[in-house]
Amino acid sequence: SSRSDWHFGEGPAPANTIDFTSVVLHEIGHGLNFFDFFNFEGGTGGYGFDFDDNGQIEGDERSPGPFGRRLALKEDSGTLSSLTNEVRFPNPSGTLGDALTSGRLFFDGEDAIRTAQLGDGPTPPKIYAPSGFERGSSIAHLDEETYPFETQNALMTPALNAAETNRLPGPIVCGQFRDMGW
(Lines give C-alpha, C1' and ligand atoms only; values in the text may rest on other atoms or scores of the structure.)
Protein backbone atom coordinates (compact mmCIF):
# COMPACT_ATOMS: atom_id res chain seq x y z
CA SER A 1 0.00 0.00 0.00
CA SER A 2 2.95 2.33 0.39
CA ARG A 3 4.04 2.02 -3.24
CA SER A 4 3.80 5.19 -5.26
CA ASP A 5 4.13 3.54 -8.68
CA TRP A 6 0.71 1.86 -8.97
CA HIS A 7 -1.26 2.23 -12.19
CA PHE A 8 -5.00 2.25 -11.43
CA GLY A 9 -6.27 3.12 -14.92
CA GLU A 10 -8.17 1.01 -17.41
CA GLY A 11 -5.57 1.19 -20.18
CA PRO A 12 -2.13 -0.40 -20.32
CA ALA A 13 0.23 0.47 -17.49
CA PRO A 14 2.65 3.27 -18.43
CA ALA A 15 6.42 2.83 -18.13
CA ASN A 16 7.74 2.60 -14.56
CA THR A 17 4.36 1.67 -13.08
CA ILE A 18 2.88 -1.58 -11.73
CA ASP A 19 -0.60 -2.42 -13.00
CA PHE A 20 -2.82 -2.81 -9.94
CA THR A 21 -5.52 -4.75 -11.81
CA SER A 22 -2.97 -7.30 -13.06
CA VAL A 23 -1.67 -7.83 -9.50
CA VAL A 24 -5.19 -8.28 -8.12
CA LEU A 25 -6.14 -10.76 -10.86
CA HIS A 26 -2.92 -12.72 -10.20
CA GLU A 27 -3.71 -12.93 -6.48
CA ILE A 28 -7.31 -13.96 -7.19
CA GLY A 29 -5.82 -16.81 -9.26
CA HIS A 30 -3.97 -18.00 -6.15
CA GLY A 31 -7.23 -17.79 -4.21
CA LEU A 32 -8.87 -20.10 -6.75
CA ASN A 33 -6.45 -22.96 -5.92
CA PHE A 34 -3.49 -21.87 -8.05
CA PHE A 35 -1.16 -22.52 -5.12
CA ASP A 36 0.72 -25.43 -3.71
CA PHE A 37 1.27 -27.06 -0.35
CA PHE A 38 4.90 -27.93 -1.15
CA ASN A 39 7.81 -27.07 1.11
CA PHE A 40 11.56 -27.32 0.81
CA GLU A 41 14.23 -27.19 3.47
CA GLY A 42 17.80 -28.45 3.50
CA GLY A 43 17.36 -30.38 0.25
CA THR A 44 14.23 -32.17 1.47
CA GLY A 45 10.91 -31.55 -0.23
CA GLY A 46 7.47 -32.39 1.06
CA TYR A 47 3.84 -31.40 0.80
CA GLY A 48 1.01 -30.78 3.17
CA PHE A 49 0.08 -28.00 5.57
CA ASP A 50 0.21 -27.92 9.37
CA PHE A 51 -3.43 -26.89 9.80
CA ASP A 52 -3.53 -27.56 13.56
CA ASP A 53 -0.17 -25.74 14.07
CA ASN A 54 1.35 -28.57 16.13
CA GLY A 55 4.66 -28.49 14.25
CA GLN A 56 3.95 -31.67 12.27
CA ILE A 57 2.26 -32.46 8.98
CA GLU A 58 0.30 -35.64 9.59
CA GLY A 59 -2.82 -37.51 8.51
CA ASP A 60 -5.22 -35.43 6.42
CA GLU A 61 -2.74 -32.54 6.50
CA ARG A 62 -0.57 -34.42 3.96
CA SER A 63 -2.80 -33.38 1.04
CA PRO A 64 -1.07 -31.68 -1.89
CA GLY A 65 -4.26 -29.77 -2.80
CA PRO A 66 -6.03 -29.63 -6.18
CA PHE A 67 -3.11 -27.87 -7.91
CA GLY A 68 -0.37 -30.09 -6.44
CA ARG A 69 -2.15 -33.32 -7.39
CA ARG A 70 -1.55 -32.45 -11.05
CA LEU A 71 2.16 -31.61 -10.84
CA ALA A 72 4.58 -34.01 -12.49
CA LEU A 73 8.29 -34.31 -13.15
CA LYS A 74 9.33 -34.84 -16.76
CA GLU A 75 11.75 -37.77 -16.54
CA ASP A 76 14.81 -38.10 -18.80
CA SER A 77 12.77 -40.59 -20.86
CA GLY A 78 10.11 -37.91 -21.48
CA THR A 79 7.48 -39.62 -19.34
CA LEU A 80 5.73 -37.74 -16.55
CA SER A 81 5.87 -38.90 -12.92
CA SER A 82 3.30 -37.45 -10.54
CA LEU A 83 4.85 -35.69 -7.54
CA THR A 84 2.20 -37.35 -5.36
CA ASN A 85 3.36 -40.86 -6.32
CA GLU A 86 4.93 -41.70 -2.96
CA VAL A 87 6.66 -44.76 -4.37
CA ARG A 88 8.65 -42.49 -6.71
CA PHE A 89 8.67 -39.39 -4.44
CA PRO A 90 8.31 -40.26 -0.73
CA ASN A 91 6.80 -37.40 1.27
CA PRO A 92 9.04 -35.87 2.63
CA SER A 93 12.29 -36.83 0.88
CA GLY A 94 15.40 -35.64 -0.87
CA THR A 95 14.01 -37.21 -4.04
CA LEU A 96 10.97 -34.92 -3.85
CA GLY A 97 13.28 -32.00 -3.03
CA ASP A 98 15.32 -32.72 -6.16
CA ALA A 99 12.12 -32.70 -8.24
CA LEU A 100 10.97 -29.39 -6.74
CA THR A 101 14.23 -27.74 -7.84
CA SER A 102 14.67 -29.57 -11.14
CA GLY A 103 13.30 -27.03 -13.62
CA ARG A 104 11.35 -29.97 -15.11
CA LEU A 105 7.92 -29.70 -13.49
CA PHE A 106 4.72 -29.61 -15.49
CA PHE A 107 0.98 -29.36 -14.86
CA ASP A 108 -0.48 -32.66 -16.03
CA GLY A 109 -4.16 -31.86 -16.45
CA GLU A 110 -6.28 -32.78 -19.47
CA ASP A 111 -7.77 -29.32 -20.05
CA ALA A 112 -4.48 -27.50 -19.41
CA ILE A 113 -2.76 -29.76 -21.94
CA ARG A 114 -5.53 -29.17 -24.49
CA THR A 115 -5.29 -25.38 -24.11
CA ALA A 116 -1.47 -25.45 -24.17
CA GLN A 117 -1.64 -27.22 -27.52
CA LEU A 118 -3.55 -24.21 -28.90
CA GLY A 119 -0.94 -21.61 -27.99
CA ASP A 120 2.60 -20.90 -26.96
CA GLY A 121 4.78 -23.02 -24.73
CA PRO A 122 5.20 -26.73 -24.09
CA THR A 123 2.58 -29.38 -23.56
CA PRO A 124 1.84 -29.93 -20.74
CA PRO A 125 2.29 -26.42 -19.27
CA LYS A 126 5.63 -25.80 -17.56
CA ILE A 127 5.75 -24.85 -13.87
CA TYR A 128 8.28 -22.48 -12.28
CA ALA A 129 10.76 -24.76 -10.45
CA PRO A 130 14.19 -23.05 -10.34
CA SER A 131 17.28 -24.78 -8.93
CA GLY A 132 17.19 -22.45 -5.94
CA PHE A 133 13.82 -22.96 -4.25
CA GLU A 134 12.01 -19.64 -3.83
CA ARG A 135 9.37 -19.85 -1.09
CA GLY A 136 6.16 -18.26 -2.36
CA SER A 137 7.28 -18.35 -6.00
CA SER A 138 8.58 -21.84 -6.77
CA ILE A 139 5.95 -24.37 -7.80
CA ALA A 140 2.94 -22.01 -7.43
CA HIS A 141 3.41 -20.28 -10.80
CA LEU A 142 3.85 -20.93 -14.50
CA ASP A 143 7.45 -20.78 -15.69
CA GLU A 144 8.61 -17.18 -16.26
CA GLU A 145 10.99 -18.00 -19.13
CA THR A 146 8.45 -20.16 -20.94
CA TYR A 147 5.62 -17.61 -20.66
CA PRO A 148 7.46 -14.25 -20.82
CA PHE A 149 6.42 -10.65 -20.23
CA GLU A 150 2.94 -9.83 -21.53
CA THR A 151 2.36 -13.06 -23.43
CA GLN A 152 -1.15 -14.52 -23.24
CA ASN A 153 -0.26 -16.93 -20.42
CA ALA A 154 1.97 -14.64 -18.32
CA LEU A 155 -0.60 -13.62 -15.67
CA MET A 156 0.31 -16.50 -13.34
CA THR A 157 4.12 -16.28 -13.66
CA PRO A 158 6.08 -15.31 -10.52
CA ALA A 159 7.06 -11.77 -11.55
CA LEU A 160 5.18 -8.78 -12.89
CA ASN A 161 7.37 -6.29 -14.71
CA ALA A 162 6.88 -2.55 -14.68
CA ALA A 163 4.42 -1.55 -17.42
CA GLU A 164 3.25 -5.17 -17.82
CA THR A 165 -0.52 -5.39 -18.19
CA ASN A 166 -2.27 -8.78 -18.04
CA ARG A 167 -6.02 -8.54 -17.67
CA LEU A 168 -6.94 -12.05 -18.86
CA PRO A 169 -5.87 -15.35 -17.30
CA GLY A 170 -4.88 -16.90 -20.63
CA PRO A 171 -5.96 -20.23 -22.09
CA ILE A 172 -3.53 -22.37 -20.08
CA VAL A 173 -4.63 -20.96 -16.73
CA CYS A 174 -8.28 -21.40 -17.76
CA GLY A 175 -7.51 -25.04 -18.57
CA GLN A 176 -5.75 -25.46 -15.22
CA PHE A 177 -8.76 -24.01 -13.41
CA ARG A 178 -11.05 -26.49 -15.22
CA ASP A 179 -8.73 -29.34 -14.22
CA MET A 180 -8.97 -28.18 -10.59
CA GLY A 181 -12.77 -28.23 -10.67
CA TRP A 182 -13.74 -24.68 -11.66
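The lining of the largest pocket divides by class into ten nonpolar, nine polar and six charged residues. Here Ala, Val, Leu, Ile, Met, Phe, Trp, Tyr, Cys and Pro count as nonpolar, Asp, Glu, Lys and Arg as charged, and the others, Gly among them, as polar. The model is predicted: local features need pLDDT of at least 70, side-chain atom pairs count only at pLDDT 80 or more, and totals for chains, interfaces and linings use all residues. Residues are numbered from 1 along each chain as its sequence is written, and side-chain values use heavy atoms, with hydrogens and water left out.

Rolling a probe the size of a water molecule over the atoms shows where empty space is left. A pocket is an open set of points on a 1 Å grid over the protein atoms alone, where a 1.4 Å probe fits, with protein on both sides within 12 Å along at least five of seven lines. Lining residues have an atom within 4 Å of a point. A volume is the space filled by probe spheres set on the points, which are joined across faces, edges and corners.

The largest pocket has a volume of about 650 Å³. It is lined by 25 residues, and Phe-37, Phe-38, Asn-39, Gly-48 and Arg-135 are the closest to its centre. Strands E3 (38-41) and E4 (44-47) each supply at least two residues of this lining. E3 gives the largest share, four residues. Strands (E, at least two residues) and helices (H or I, at least four) are DSSP runs, numbered from the N terminus.

The second largest pocket has a volume of about 180 Å³. Its lining holds 14 residues, with His-26, Thr-157, Pro-158, Ala-159 and Leu-160 nearest the centre. Six of the lining residues are nonpolar, six are polar and two are charged.

Aromatic rings were examined next. Rings of Phe, Tyr and Trp (its six-membered ring) pair if their centres lie within 6.5 Å; planes under 30 degrees apart count as stacked, over 60 as edge-to-face and the rest as tilted. The count comes to nine aromatic pairs. Phe-8 and Phe-20 form a tilted pair, 5.0 Å centre to centre, with 50° between the planes. Phe-8 lies in the loop between strand E1 (6-7) and strand E2 (18-19), and Phe-20 in helix H1 (residues 20-31), so the pair ties together parts that are twelve residues apart in sequence. Phe-8 is exposed, at 58% relative accessibility. Phe-20 is partly exposed, at 33%. Buried means under 20% relative accessible area, exposed over 50%, and partly exposed in between (1.4 Å probe, protein chains only).

Phe-40 and Phe-133 form a stacked pair, 5.2 Å centre to centre, with 25° between the planes. This pair links distant parts of the chain, 93 residues apart: Phe-40 is in strand E3, and Phe-133 is in the loop between helix H4 (110-116) and helix H5 (171-179). Phe-40 is partly exposed, with a relative accessible area of 27%. Ring pairs also link Phe-34, Phe-67, Phe-107 and Phe-177 into a cluster.

Asn-153 is found in the loop between H4 and H5. This residue is buried, at 1% relative accessibility. A polar atom of the Asn-153 side chain lies 3.0 Å from the backbone nitrogen of Ile-172. Asp-179, in helix H5, is buried with a relative accessible area of 12%. The C-alpha atoms of Asp-179 and Asn-153 are separated by 16 Å, and the two residues are 26 apart along the chain.

Conventions: A polar contact is a pair of N or O atoms within 3.5 Å; within protein, one must be able to donate a hydrogen and the other to accept it, and residues adjacent in sequence count only if both atoms are side-chain atoms.
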